[in-house]
Amino acid sequence: MKSSSLSSKFPLTFWEMAGASGVAMSFAVGLVGVYLTLPDSDYSFLKLPRTLEDLHILRDNLERYTSDYTAQVLVGYCMVYIFMQTFMIPGTVFMSLLAGSLFGVLRGVTLVVFAATAGASSCYFLSKLIGRPLISSLWPDKLVFFQDQVAKRREGLLNYMLFLRLTPTLPNLFINVASPIVNVPYHIFLLATSIGLIPAAYVTVKAGITLGELQSIGDLYDITSIGTLFLIGLASVTPTLISKKMPS
């Protein structure tokens with residue numbers, strides 16, 4: 001009776017927890033490996049940025065290492081970004097700004113889209129393992145809505161997923177966790193993610209180049225930027241809407 005009571009309160013089994021812990025340990029080992037290859041120095045500045053002030057400190061210190069230890073900085077950056085996406089840790093917007101500040105627009109956008117897609121994919125597969133009980137308790141209403149929409153749009157699912165990625169209709173973190181639960185095929189998830197994240201990544205990375213002029217995160221997405229993303233998103237679902245109206 002006692003064990004069944006505990007299992008009802010905690011939705012994950014021992015093996016599910018072991019799998020998730022194994023993933024977290026793999027990231028930890030990788031990050032320690034990157035840290036050990038850097039020169040001896042004071043790395044107290046190395047922490048996840050939570051404010052623009054934290055980001056300025058991190059950027060100013062990392063600039064000294066980026067040219068001489070490019071590979072380590074790139075690998076470390078990607079591992080941190082993917083880890084944050086995998087375990088739904090907020091703050092990836094600061095990481096995107098950092099990419100623009102350190103690497104410029106072209107390399108920054110490429111880096112962010114790669115890391116964000118890899119992190120979303122990692123979250124997708126982790127959610128396949130442990131996601132159902134968690135998302136059912138955290139976002140039950142959103143999950144029902146998303147499931148209904150996916151079921152209705154099976155024929156144009158790629159366009160719908162692109163629309164979601166391009167617009168702030170549903171949070172990206174929710175999409176990452178919920179997609180395997182509502183049976184969005186991985187190839188559609190991957191394609192929609194890798195393409196759909198490009199516009200928002202460009203806006204954020206470009207803002208990172210002029211980081212000193214940014215007063216708040218809210219300045220990133222003004223009415224024009226949000227309107228543009230919605231227009232691109234509507235364009236992505238237009239072919240599906242037209243095909244439904246055309247007589248067969």
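Visitor: Which residues does Arg-59 touch, not counting residues up to four places away in sequence?

Guide: A contact is a matter of distance: heavy atoms must lie within 4.5 Å. With residues up to four places away in sequence left out, Arg-59 touches Leu-98, Ser-101, Leu-102 and Leu-211. This is a predicted model, in which local features need pLDDT of at least 70, side-chain atom pairs count only at pLDDT 80 or more, and totals for chains, interfaces and linings use all residues. Residues are numbered from 1 along each chain as its sequence is written, and side-chain values use heavy atoms, with hydrogens and water left out.

Visitor: Where is Arg-59 placed, and is Arg-59 buried or exposed?

Guide: Burial is read from relative accessible area: under 20% is buried, over 50% exposed, and the range in between partly exposed (1.4 Å probe, protein chains only). Arg-59 is in helix H3, residues 52-66. Its relative accessibility is 14%, so Arg-59 counts as buried.

Visitor: How many helices and strands does the protein chain have?

Guide: Both are DSSP runs numbered from the N terminus, helices being H or I of at least four residues and strands E of at least two. The protein chain has 12 helices and 0 strands, and its pattern along the sequence reads α-α-α-α-α-α-α-α-α-α-α-α. Of the 248 residues, 42% are buried. Among contacts with a separation of 6 or more, 78% join residues 24 or more positions apart.

Visitor: At what angle do helices H8 and H10 pack?

Guide: Axes are lines fitted to C-alpha atoms, for helices over the stretch in contact, and the angle between N-to-C directions runs from 0 to 180 degrees. Helix H8 (residues 157-166) and helix H10 (residues 186-196) pack at about 40°, and their axes are 9 Å apart. Angles under 35 degrees count as roughly parallel, over 145 as roughly antiparallel, 65 to 115 as roughly perpendicular and the rest as oblique. H8 and H10 are therefore oblique to each other.

Visitor: Which polar contact joins the side chain of Thr-167 to another side chain?

Guide: A polar contact is a pair of N or O atoms within 3.5 Å; within protein, one must be able to donate a hydrogen and the other to accept it, and residues adjacent in sequence count only if both atoms are side-chain atoms. The side chains of Thr-167 and Thr-169 are joined by one of 2.8 Å. A polar side-chain atom of Thr-167 also lies 2.7 Å from the backbone oxygen of Phe-163. Thr-167 belongs to the loop between H8 and helix H9 (172-178), and counts as buried because its relative accessibility is 4%. Pro-199 is 32 residues away along the chain, with a C-alpha separation from Thr-167 of 9.9 Å.

Visitor: How do the axes of H6 and H11 cross?

Guide: The axes of helix H6 (residues 105-138) and helix H11 (residues 198-209) come within 9 Å and cross at roughly 130°. H6 and H11 are therefore oblique to each other. In this pair, Val-105, Gly-108, Val-109, Val-112 and Val-113 of H6 meet Ile-198, Ala-201, Tyr-202, Val-205, Lys-206 and Ile-209 of H11. The contact has 9 nonpolar, 1 polar and 1 charged residues. Val-109, in helix H6, counts as buried because its relative accessibility is 12%. With neighbours within four places in sequence set aside, Val-109 is in contact with Gly-104, Ala-201, Tyr-202 and Val-205. Val-109 and Ile-198 are 89 residues apart in sequence, yet their C-alpha atoms are 7.2 Å apart.

Visitor: What is the phi of Met-88, and what is the phi of Asn-183?

Guide: Most residues other than glycine have a negative phi. Met-88 has a positive phi, near 55°, and Asn-183 has a positive phi near 65°. Met-88 is in the loop between helix H4 (70-86) and helix H5 (92-103), and is partly exposed, with a relative accessible area of 28%. Asn-183 is in the loop between H9 and H10, and counts as exposed at 53% relative accessibility.

Technical notes
Ala, Val, Leu, Ile, Met, Phe, Trp, Tyr, Cys and Pro count as nonpolar, Asp, Glu, Lys and Arg as charged, and the others, Gly among them, as polar.
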